[in-house]
Amino acid sequence: MRKDFRKTAQQLHARPISDGELAALRESAANARTGAALAVQAREREHTIVYASVGELYKKYPEKRTMYAGCEEKTLRDMKLVMRYCVYSAALDDPDYARDRMHYWFRTILLAFNFGREFITDAYRIVQKRAATAIAPAENKVLHAMVDDAIQVYNS
Amino acid sequence: MLRTILPLAESPYRLTDLARQRNYTYEESTVLESSARLRELGCGAIERLRPQEARIAESALSAAAADFAALGEAGAELREALRAAVLAILRQAQLAMATDSTEAFSKSLLSFRAPFWVAPGFTGETARTVFEALRDEALAALPGYQGRRFDEYLKVASRFMATVAEVGQVAESIVEEAASAVLARHPAVASRRADLPRLLREELLQCLATSVDAMVPDGDAQVPPFGKRIGSRDRAGLFERREALDMAAALRAAIQRHLQLARGAEFLEHVRVVTEYAALVRDAHARRADILAAVERRASERHAGAAAAMPRLRQWLGEAFDACVAGAVPGGRDEMIAALERASAEIAREKPSADLAGDCFQFLVEESEAALSSLSLIQVQHLLHRASHYFFQTCEVAEKGEAMLNGVVDRLAAEHEAFFGRRLGAKAYVVRDQEQVLYNIALGLVPGAEMTTVGRFQAFGEFLGEHGFSQDMMFRSFALLEEACLANFSPRAQSYFMPMWTQVRRYLETVCAMPAPLKKILGEAAAAVSAKHGPALARFPDAERKVHRDLLALLHTCAVTMVPNGERVLRRGLAHFIESIDDARMEPEMLETSFGGLVEAVRTHLPSPHREWLLPALERGRTMIVAAARLAPALEPAAKEAAQEALRKHPQVAERHTAASRRGAEDMVHFAKRALLGIAPGGAEWAAQGLWRFGSSVVESNYGESFLPDAYSAFHARLTREAKGPGADAFDASMKPMLEALALFSELGAREGSIVASAADDLFAKHPAMLSRYPDCRQKTAEDFRDALRYCVMGGVPGGQWWIRRYARVQMFVFRHSAFDPAVIGDAYDALASQARANLRGPGAAALAQRLELVRNYLVIAAGLGANEARILDDAWERFTKRHNGKVSTERAARDWAADGTRLVLRASALAMLPECALYQHEVGAAVRASAARGPLSPELARDAFESLREAAGAGLAHGPVDQFAAKIRETAAPVGA
C-alpha cells in the first residue's frame, strides 16, 4: 500500500476519508489503469526502446564503452531492469516500490562504478526520449514520471 | 461461507513481487486492469457511503438494541465501543477496496481482537446481529455489483468479530481445561520448572488467539510469527515432544466442548493448523542438531572427501531444514521459497559436488523421517522431499551447466551464424535463458513456487511468441538442450527433470510456432466479431484494441497450461474474466463469436502438433467464458428466489440464522461461479477446494439435512431454465456432482455424529483392549472416521480426488511410523462402511459406501505394509538373488537400485488400490522403467526383481485383498523391460 494511504488508514479510527484523500484515491485508481495499459505497451516495445537508447548513449560517450568489460551488454540489462521497475511503480501507482526495491540499491552500484552523474542522467533522458516515440502519450506520461523519479534517486 | 473466487488478500503488490525483474505477462496485465476497476468501484463506494456512515452505523447497532438493553450499564458501554469499531471497519473496508489492498484492513481488524476479547456481554450472537445488519445497510446503499464486491470485506469482518466474541467469552475456560488435561497427563511439567504451568497456559492462549487472527484477509501471515515466538531460544525447549502433541490435542478437545460455533469450520481448521505447527516447531527444534549430525556422519562414511565440503553443506542443509519447517504453514511458503532460492544462488556460485550434495539432501530426508514425529512429518516431509530434489537439481546445473550450455550454444551458433554474428551478446543471452529454464524447472518442484515458476516461463514464452525468432533455430536449441541434459545429468536428476522438461519444451515450441500465423489468427477472429457485432462494438471506446488484447491474452494464457501447474494461471485469469462479465454484463453472442473465431482460426492456421496441444485448453476456456456470460444476468435473481423459496419451506432456518436469505443467496452465487471455473482446465480442483470448505462448514452447521439440497436444487433448476445454448451443458456437468456432494455433506451434518459414534462402539466392542492401549483412542478414532467420511464425499467430485490421494498418502505414512494391526483396521472401516450404508440415503450414498469399502481395503494393505515393509523388501531381494545365484551383482549399486525400485513399486501399488491414486502407479512405472534402462541390472533381471517382490508381498501379508494387491504390483512394474 502507498505510504500516504497507509497514513490515511491509521487515522480512520477517528475520522472519515477526507475529500482530498478521496481525490487522491481516484487519481491513483486512474493511474493504475493507465499503468496496466503501459505494462502491455512497455513489454512489447522494451527491447526496441532500450536497444536504441544504449546505442545512442555509447555513440555520445564512446569512452565509457571501454571502462569495464561488457559495458554495453550490462547497460542493456540494467536499463531494462530499471524500466521494468518503473513500469511496476506505474502499475501500482507507487513510486516507493521501485525506489525501495531497485533505485536505492542501483544508485550504490552506479556510483561505485564512477560513470558520473551526467552520463547517468543522460542515459535515462535518452530512454524517456525513445519511449515518447514508442509508447502512447497517456501511458508515456506515467512512465516518464517514474523515470524522472529514478533519475532523481540516482542523482541524490 | 463460500469464499469469493478472487481471494481478497491477493493484491497487485503480491503479483508484482512475484514478477520480480521480469515483465508482466498478458494475464497479469488483465489482473492489473481488473484491480484498477475494483479501485474505481471502491472510490465510488466511498462517495456513496461516506455521507451516510453515521446513519448506517446507528442502524446496525439498533439491530442489537435488545442485547444492549439486557446488559444495563455495561450494554451502553459495549454499544459505544461497537459504534467506534463499526465505523472504523466500514471506513477501512472502503479504503481497502479503493486501494485493492487488505493490509491496513487486516491490521485494523486485528486491533479489535484484544479489546473485544474480554468485553462483558459481547456474545457471538450480538456481534453477528450488528455486523450482518451493517452488511445489509451497506448493500442497500450500493448498487448491484459494487455492493457485492464491497460486501466481501464486511463479510470477513463479520465472521472475524463473531469469532472474537464467541472464543473470547470462553477462552479462559478452554485454556484452563486444556492446561489441566496436559498437566494431569504430564505431572513432570509442573515439577520441572515452577513457572512452566503459567507458560503452558500462556502458550495455549496464544494458540487460540493466533487461530482467531488467522481469520482476517491476511491471516496466513499471522501464523509464522507465532511459530517464531515459540521456536525462540528461550521457549523452544520448554516442552517435550509428547507434551507438545498433547497440548494440541487437549486444546482442540476443549474447544469442541466449550464452543458451539455456528460457522466454526474455518476457525477449527485454523486451530488445527496452528496447534500442529506449534508441535512441529518444538519437534524440529529438539531434533535438528541430531538430524544434521547424522547426515554429516553418513556423508563422511560414503564420500571420502566429504569433510572439506561439509561446513558449507551443513549450512545449506540447516537452512533447507528450517525453511521447510517455516513453509509447513501457508503463510511461511514465501519465506521458505526465498530461503531456498538464496541457498540455491550460493550453490550456483560455489558449485559443490552434485553427487555428495544429492546424498546429503537425501540423508536429510531419511534422518528427518527417522527422528521427527508422525504429526511433524505429515506437515513437513513432502517439503523436505521436494526441497532435497530441488537442491540436487540445482547442484547438477551448477556443476555441469556452464560447460554443457556453452557446448549447446557453440553448436547452435555454428549452425545459425547469421543470427549470432549480428546480435550483441546473443550467445550470452541464450546461455542465460537456457540456464534460467533449468533452474526454473528445479524451482517448480517446490510446493508454493508454482506461480513464480509458471510466471517466469510465461514471460519467457510470451517474449519468444512476440519476437519471432527463427522457428528452426529455436526448435534446434531445445533439441540440443534436451540432448545435453540427457548426456550430462545423472539418472537421479533426470527422473524429476525430464518429465517436467518435456512439458516445458512443448510449451516453448508452441509459442515459437505462433508468430508466423499470429496475425492471421487474431485478424480472422477480430474480423468475425466486427462483421457480426460491428454496431454493438462501436458503442465502446477503444473496442477493437480491447478485443485484440483479450484474444491475445486468452491465447497465451491457454498455451501456458502446457507447463506444469500452468493451469493455475489460466484459472486466475478466468476468475477475473468471470468477475468482469458479472460487472459489465458482456454479450454472450459477441463473446461466442470472438473466442469461437479464435478457436477456429487456431484450428486453421496453427501447425500440427501445436494446435492439438493448444486447442483443448482454448476450447474449454471459450466454453467457460460463454457459459459465464449466459449465466451472469440470471445468477443473482435465481439465487435470491431459490433462497426465499427454500426458507419458506424451512422457516426454522430463517429463525435460527441471521440474514439467512441474503447469506444463502450469496453462497449460491459463489457456488455457481466455482462450478463455472470447474469447466476450465484444472478448474475442477479449484471448484472442489471451495466445495470442501463449504461442505466442512455445512457439516458443522445446523441447517438440517434438506434445507441446502432443496435450496440448491431450486437454484440449479432456475439456472438451467434461464441459461440455454453453448456452455450451458458444460456448466451443468460441472455443477451436478457438486450438488450431489453438497447433499451428502448436509446429510452428514445431521448424521455424522451418530455414524461415527456407532462405528466406534462396534469397533471397541470387538477390540476393547485398544481403549486402554492408546491414549485418547476413542477421540482419535472418531476424528479418523470423520476424515474418511468427508474425504470419500470429495472423492465423488471432479477435482476432489486430491483429498483421497492426500488421505491415502498420510495414512500410509502414519502406518509406517506407528504399527497398527491390519485386522483391527479392517474391522474399524468395516464398521464405518456398514454404519454409513445404514444411515445415509441421499443420491450419492451408494457411491460413498462403495468408496469407503475401497478405502477399507487400501487401509488394511497399507497397515500390513506399515508393519512388514522392511521384511517384504528383504525377502524379495533374497528370493531374487537365490533364483539368480551368481548372476546378480551384490555390489551396492545393484542392491541400492533394487531397494529403491521395489520400495517405490510396493508403495505405489498399495496406493493404486484406490482408483484416485492410479496416477502414482503410472508415474512410478515410468520412473522405474527409465531408471531400469540405465540401472545396473539387465531388463530381464530387473523384471524378475519385481516378480520376486510380488511373491514376497503375497507371502508377507496376511490380511485384506492380498491377491489383488499382488496383481497391482505386477501392473505397476509392467513397463520395466517392456
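For the complex, the predictor gives an ipTM of 0.95 and a pTM of 0.89. This is a predicted model, so local features need pLDDT of at least 70 and side-chain atom pairs count only at pLDDT 80 or more, while totals for chains, interfaces and linings use all residues. Residues are numbered from 1 along each chain as its sequence is written, with chains lettered from A and ligands numbered from 1 in the order in which they are written.

**Chain A**

Chain A has seven helices and zero strands (helices are DSSP runs of H or I with at least four residues, strands are E runs of at least two, and both are numbered from the N terminus). Its C-alpha trace spans about 60 × 30 × 20 Å along the principal axes. Of the 156 residues in chain A, 41% are buried. Buried here means 20 or more other C-beta atoms within 10 Å of a residue's own, exposed means 12 or fewer, and partly exposed is in between, with C-beta atoms placed from the backbone. Among contacts in chain A between residues at least 6 apart in sequence, 74% join residues at least 24 apart; a contact is two C-beta atoms, placed from the backbone, within 7 Å.

**Where the chains meet**

Chain B puts 33 residues in contact with 29 residues of chain A. On the chain B side, helix 1 (12-19), helix 2 (26-49), helix 5 (73-99) and helix 6 (103-111) each supply at least two residues. Helix 2 of chain B gives the most, with ten residues. By class, the side of chain B that touches chain A has 13 nonpolar, ten polar and ten charged residues. For those classes, Ala, Val, Leu, Ile, Met, Phe, Trp, Tyr, Cys and Pro count as nonpolar, Asp, Glu, Lys and Arg as charged, and the others, Gly among them, as polar.

**Helix pairs in chain B**

Two packed helices are described by the angle between their axes and the distance between the axes. The axes are lines fitted to C-alpha atoms, for helices over the stretch in contact, and angles run from 0 to 180 degrees between N-to-C directions.

| Helix pair | Axis distance | Angle |
|---|---|---|
| Helix 8 (124-141) and helix 9 (144-185) of chain B | 8 Å | about 170° |
| Helix 14 (241-258) of chain B and helix 15 of chain B | within 9 Å | roughly 170° |

Helix 8 of chain B is therefore roughly antiparallel to helix 9 of chain B. Angles under 35 degrees count as roughly parallel, over 145 as roughly antiparallel, 65 to 115 as roughly perpendicular and the rest as oblique. Residues of helix 8 including Phe131(B), Leu134(B) and Ala138(B) meet a set in helix 9 that includes Phe150(B), Leu154(B) and Met161(B). That contact has eleven nonpolar, four polar and six charged residues.

On the helix 14 side, Leu245(B), Leu251(B) and Ile255(B) are among the residues in the contact, and the helix 15 side includes Val271(B), Ala279(B) and Arg282(B). The residues of this contact divide into nine nonpolar, one polar and six charged.

**Helix 12 of chain B**

In helix 12 (223-230) of chain B, the buried residues are Val223(B), Pro224(B), Phe226(B), Gly227(B) and Ile230(B). Seen down the helix axis, they fall within an arc of 155°, so they line one face of the helix; the arc is that of the directions from the axis to the C-beta atoms. What covers them includes helix 11 (196-213), helix 13 (233-236), helix 15 (265-302), helix 16 (306-326) and helix 17 (333-350) of chain B.

Asn114(A) isn't a glycine, yet has a positive phi of about 55°. This residue sits in the loop between helix 5 (95-112) and helix 6 (117-134) of chain A, and is exposed, with 9 other C-beta atoms within 10 Å. Gln21(B) also has a positive phi, near 75°. Gln21(B) is in the loop between helix 1 and helix 2 of chain B and counts as partly exposed, with 13 C-beta neighbours inside 10 Å.

There's a cis peptide bond too, from Ser608(B) to Pro609(B), with omega near 5°. Pro609(B) lies in the loop between helix 28 (588-605) and helix 29 (610-649) of chain B.

Lastly, His670(B) and Thr4(B) are 666 residues apart in sequence but 6.1 Å apart in space, C-alpha to C-alpha. His670(B) belongs to helix 31 (660-677) of chain B and counts as partly exposed, with 19 C-beta neighbours inside 10 Å.
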